[in-house]
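This report describes one protein model for a reader who has not seen it before. The sequence and structure come first, and the notes follow.

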Amino acid sequence: MDLSERDKEMLSGSRGRAARKAMEILFALGRIYGARRLIDVSSAQVSGVSYENLGEAGLELLEEMASDGRAVVPATLNPAGMDLTDWPRMGIDETFAARQHRVIRAFEQMGIRPTCTCTPYLAGNVPAAGEHVAWGESSAVCYANSILGARTNREGGPSALASALTGRTPEYGLHLDEARRPTVTVEVQTSLRGPADFGALGWVLGRRIGNRIPLLLGLSEASQDEWKSLCASIATYGGTALFHVRGITPEEAPEPRERIRLAAGDIEDAFRSMDDGRVPDLVAIGCPHCSLEELRRLADLLSERRVARETWIATARPVKEAAAAQGLVEKIERTGAKVLADTCFVVAPIRGRFRCMATNSAKAVFYARSKNRFQTVFAPLERLVEIAVGG
Ligand code: F3S
């Protein structure tokens with residue numbers, strides 16, 4: 001692999017131990033995937049933040065990296081295992097909280113912004129079309145590639161951190177033109193409305209096309225919230241890190257000859273499959289994290305009512321602050337629902353605390369079942385609010 005002088009210095013250790021370790025990770029990845037060189041990235045989104053997933057070994061490694069590692073490009077963080085200030089409201093114990101705070105301190109020491117959100121593009125990390133970035137978090141990766149037109153592979157926590165500390169990534173996969181072309185055309189022959197419908201579409205696509213790159217026809221009118229829901233579910237159920245939509249994805253995409261068609265019945269199958277038909281004891285909204293628009297809609301739907309079930313709404317802290325400034329957080333929380341920042345229901349240590357989770361996120365369904373062993377109810381936002389208030 002061709003390395004620049006600076007790459008070689010980092011690899012030799014002359015720019016510090018953390019930079020050396022980071023460069024070793026990138027060099028190994030590049031060799032595995034046949035990259036010819038390393039390229040510059042303009043930002044990193046670092047996953048692997050929850051102490052629930054990191055454990056003691058992960059925390060120790062981060063603290064070691066923080067002793068001399070410093071981010072050289074703007075870098076943001078994925079959600080943590082708890083709201084960093086309001087964690088007692090989630091029932092998190094003090095031991096976990098102390099360890100989670102140590103994780104965040106280590107990242108901060110490395111100069112990584114503790115945004116703690118899977119929607120960095122709603123929290124100031126917005127790469128331009130054509131920019132190379134190194135992002136972890138599959139939903140954000142898909143959003144960056146498909147909607148923003150930036151270029152990133154699906155990085156893991158260590159490789160995204162390595163890119164933050166070096167400003168480099170191996171040039172392979174979705175950094176290259178030829179790997180970004182669609183290979184199957186998908187005609188969506190039914191109208192979809194709302195993030196739940198788009199999440200269901202991702203479920204269907206995952207089963208029908210796996211991790212192939214589709215050109216999607218029939219969807220160009222979707223909203224930002226619908227795209228982020230599709231990005232989360234298509235990445236979860238099929239592993240797809242890029243889709244093309246004409247007029248949305250900012251790059252030319254030839255129309256593949258192979259064509260499949262999806263109809264209303266496919267979406268109904270997805271809804272049925274994600275719903276166990278039980279009574280939920282947790283209503284979870286905000287996977288990916290809620291936008292300001294979603295919080296506004298929730299405030300309207302919940303207005304002057306009272307929730308009868310534990311109801312958690314997850315968002316990015318800057319979005320929560322913007323919502324608070326407009327009185328939306330107060331309006332939502334007056335109902336008994338909790339607006340939580342910095343965290344997500346998948347990486348929070350809540351296994352065993354609930355039996356059945358209601359959500360409008362197809363991605364959350366997947367992890368609620370597989371990681372937390374919850375049963376699930378899958379429904380649009382309007383229905384979730386009725387469930388939350390006891391319907
Ligand atoms: Fe975000 Fe957690 Fe869902 S990271 S996309 S809220 S699983």
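## Aromatic cluster

W312, F345, F354 and F374 form one aromatic cluster. Rings of Phe, Tyr and Trp (its six-membered ring) count as a pair if their centres lie within 6.5 Å; planes under 30 degrees apart are stacked, over 60 edge-to-face, and the rest tilted. By this rule there are eleven aromatic pairs.

The model is predicted: local features need pLDDT of at least 70 and side-chain atom pairs count only at pLDDT 80 or more, while totals for chains, interfaces and linings use all residues. Residues are numbered from 1 along each chain as its sequence is written, and side-chain values use heavy atoms, with hydrogens and water left out.

## Two edge-to-face pairs

In the pair of Y237 and F366, the ring centres are 5.5 Å apart and the planes stand at 85°, so the pair is edge-to-face. The pair links distant parts of the chain, 129 residues apart: Y237 is in helix 8 (residues 224-237) and F366 in helix 13 (residues 362-370). Y237 is buried, at 15% relative accessible area, whereas F366 is partly exposed, at 32%. Here buried means under 20% relative accessible area, exposed over 50%, and partly exposed in between (1.4 Å probe, protein chains only).

F354 and F374 also form an edge-to-face pair, with 6.2 Å from centre to centre and 85° between the planes. F354 lies in the loop between strand 11 (338-341) and strand 12 (356-359), and F374 in the loop between helix 13 and strand 13 (375-378), so the pair ties together parts 20 residues apart in sequence. F354 is buried at 11% relative accessibility, and F374 is buried at 3%.

## A buried threonine

T169 lies in strand 5 (residues 168-170). With 0% relative accessibility, T169 counts as buried. Beyond its neighbours within four places in sequence, T169 has contacts (heavy atoms within 4.5 Å) with residues including R37, L38, I39 and H175.

## The protein as a whole

The protein has 14 helices and 13 strands; these are DSSP runs numbered from the N terminus, helices being H or I of at least four residues and strands E of at least two. Its radius of gyration is 21 Å, close to the 21 Å that the globule rule gives for 391 residues, so the protein is as compact as a globular protein of that length. The radius is taken over C-alpha atoms, and the rule is 2.2 Å times the number of residues to the power 0.38.

Of the 391 residues, 58% count as buried. Among contacts between residues at least 6 apart in sequence, 79% join residues at least 24 apart.
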